[in-house]
Amino acid sequence: MRVKALETLLSEKGLVDSSAIDTVIELYETKIGPRNGAAVVARAWSDPDYKARLLENGTKAIAELGFEGVQGEDMMVVENTDSVHNVVVCTLCSCYPWPTLGLPPVWYKSAPYRSKVVRDPRGVLSEFGVELPDSVEIRVWDSNAELRYLVLPNRPAGTDDLSEAELAELVTRDSMIGTALVAAPAS
Ligand code: FE
């Protein structure tokens, strides 16, 4: 509420342009942040030793690629497999790994997502268009001020010949939150 009040006041005084603010937010939500996380995922898919380090100590391995700082001081990477799917939430507020994913999307901060994903993760995933077989266990991770999570998605089939940069292009923000799968490249 305070932020909204401040933004309204600044807009009314003509000191900020709200469309410019939206542009900056959009940039961090969809471009800068998630591209960092995608680079981490692509490296893990390409380099088994890096992947082992990443799962062992997320913070340290992510910092190897130069991504560190506020809201990413303590990172844990959780790996999706054929039998486990991970989803991240902050039930209390909106804790999110800024250095790897940028700013959280609006739905991540919304009360319906935060409450429903812990009660009915399969239903929420379905709303996102993700249908998983019953044999897949869904694990929900609750972020907090101390610890933030990054999902390491399943590498899609048919990507053996792709370079690390090409792999990174496939990785979406939502796949690293766990509300999407990484799609195979269009042939
Ligand atoms: Fe939070």
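Tutor: Lys116 has a relative accessibility of 25% and counts as partly exposed. The model is predicted, so local features need pLDDT of at least 70 and side-chain atom pairs pLDDT 80 or more, while totals for chains, interfaces and linings use all residues. Residues are numbered from 1 along each chain as its sequence is written, and side-chain values use heavy atoms, without hydrogens and water.

Student: Why is Lys116 called partly exposed?

Tutor: Buried means under 20% relative accessible area and exposed over 50%, with partly exposed in between (1.4 Å probe, protein chains only). The 25% of Lys116 lies in between, therefore the residue is partly exposed.

Student: Is Glu127 buried or exposed, and how do you know?

Tutor: Glu127 has 58% relative accessibility, and because exposed means over 50%, Glu127 counts as exposed.

Student: What makes the contact of Lys116 and Glu127 a salt bridge?

Tutor: The term requires a side-chain nitrogen of Lys or Arg within 4 Å of a carboxyl oxygen of Asp or Glu. Here the N to O distance is 2.4 Å, so the pair qualifies. Helices are DSSP runs (H or I, at least four residues), numbered from the N terminus.

Student: What makes Arg43 and Glu164 a salt bridge?

Tutor: Their side chains meet at 2.8 Å, N to O, which is within 4 Å, so the term applies. Arg43 in helix H2 and Glu164 in helix H9 (residues 164–170) are 121 residues apart, and the pair links distant parts of the chain. Arg43 is partly exposed at 28%, and Glu164 is partly exposed at 30%.

Student: Which residues line the largest cavity, and why is one of them classed as charged?

Tutor: The lining consists of Thr59, Ile62, Phe67, Glu68, Gly72, Met75, Pro99 and Thr100. A cavity is a set of points on a 1 Å grid over the protein atoms alone where a 1.4 Å probe fits but cannot get out, and lining residues have an atom within 4 Å of a point.

Terms used. 1 Å grid on protein atoms, 1.4 Å probe; cavity = no way out; pocket = protein on both sides within 12 Å on 5 of 7 lines; lining within 4 Å. Helix = DSSP H or I, 4+ residues; strand = E, 2+ residues; numbered from the N terminus.
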